[in-house]
Amino acid sequence: MKFFVDTANLDQIREAQDLGVLDGVTTNPSLMAKEGITGTDAVMNHYKAICDIVDGDVSAEVISTDFEGMIREGENLAQIDDKIVVKVPMIKEGVKALRWFSDHGIKTNCTLVFSAGQAILAAKAGATYLSPFIGRIDDINWDGMELIAQIANIYAIQGFSTEILAASIRNPLHIVKAAEAGADVCTCPLSSITGLLNHPLTDIGLAKFLEDHQKSQSL
Ligand code: G3P
């Protein structure tokens, strides 16, 4: 399973890259706004700065909701760097745009996915990645991970090549469960990735090793 970091914060992206386990980055308009990135030039420059840090794919979302606007924006975004993946919402115009981008060799990430039916539509339209929002499904008391498993099963049966990118990840256990459920990619806050490190027995064990080593040195 690939690891993407879900942020537009350059320091966090650098930290994730330095960890040596990063395969890409996803952003969205909310994450860009959180970093105070506004205006077309600043947005384009920020995506370029992200691409310069990471080795893998970088999702950049269109703001337009009509087909022509999405194509125009997506073409501009794709020109920033080969790593750019155009993120398109799961709406009717978005499905048309996914097909157009696929036919023109531009990678896509279909976002705001909450059902298996939407997942089938995105795969049929040639999406490179599909982003089901796990945390937001859990928020309304449904089971986000069941959706990942259902889509993984459908894609395997049907031979769809669209990669399942588990999004709206909120904690380390989400990552583990998404891996079990068959996600191809997890996009996570940096805290969820580093949270995978945590185990009290590791801390206790390391403290004991270091203590014993120290003792042996003073013999
Ligand atoms: O990749 C989509 C993700 O950023 C949404 O996460 O936590 O806003 O539901 P969240």
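**Helix packing and a ligand site**

Helix α6 (residues 116-124) packs against helix α8 (residues 144-158) at an angle of about 40°, and their axes are 10 Å apart. Keep in mind that this is a predicted model. Two packed helices are described by the angle between their axes and the distance between the axes, so look for those values in each helix pair below.

**α6 with α8**

- Where α6 passes α8, the crossing is right-handed.
- On the α6 side, the contact is made by Ala 116, Ala 119, Ile 120 and Ala 123. On the α8 side, Leu 147, Gln 150, Ile 151, Ile 154 and Tyr 155 take part.
- Sorted by class, this contact of α6 with α8 has eight nonpolar residues, one polar residue and no charged residues.

**α1 with α3**

- Helix α1 (residues 10-19) and helix α3 (residues 40-53) pack with their axes 10 Å apart, at an angle of about 15°.
- That angle makes α1 roughly parallel to α3, because angles under 35 degrees count as roughly parallel.
- α1 and α3 have a right-handed crossing.
- Leu 10, Ile 13, Arg 14 and Gln 17 of α1 make the contact with His 46, Ala 49, Ile 50 and Ile 53 of α3.
- What classes do the residues of the contact of α1 with α3 divide into? There are five nonpolar, two polar and one charged.

**α4 with α5**

- Helix α4 (residues 67-78) meets helix α5 (residues 92-103) at an angle of about 40°, with 9 Å between their axes.
- α4 and α5 are therefore oblique to each other.
- The crossing of α4 and α5 is right-handed.
- From α4, the residues that meet α5 are Phe 67, Met 70, Ile 71, Gly 74 and Glu 75. Their partners in α5 are Glu 93, Gly 94, Lys 96, Ala 97, Trp 100 and Phe 101.
- The contact of α4 with α5 contains six nonpolar, two polar and three charged residues.

**Around the ligand**

- Which residues surround the ligand? They are Asp 6, Asn 28, Lys 87, Phe 133, Arg 136, Ala 167, Ser 168 and Arg 170.
- In the side chain of Asp 6, an N or O atom is 2.5 Å from an oxygen atom of the ligand.
- For Asn 28, a side-chain N or O atom is 3.0 Å from an oxygen atom of the ligand.
- Arg 136 has a side-chain N or O atom 2.7 Å from an oxygen atom of the ligand.

How values were computed: Residues numbered from 1 in each chain as written. Predicted model: local features only at pLDDT ≥ 70, side-chain atom pairs only at ≥ 80, totals over all residues. Heavy atoms only, no water. Axes fitted to C-alpha atoms, helices over the stretch in contact; angles between N-to-C directions. Helix = DSSP H or I, 4+ residues; strand = E, 2+ residues; numbered from the N terminus. Left-handed = near helix turned anticlockwise from the far one by under 90°. Contact = heavy atoms within 4.5 Å. Nonpolar A, V, L, I, M, F, W, Y, C, P; charged D, E, K, R; others polar. Near = heavy atom within 4 Å. Polar contact = N/O pair within 3.5 Å; in protein donor to acceptor, adjacent residues only side chain to side chain. Parallel < 35°, antiparallel > 145°, perpendicular 65-115°, else oblique.
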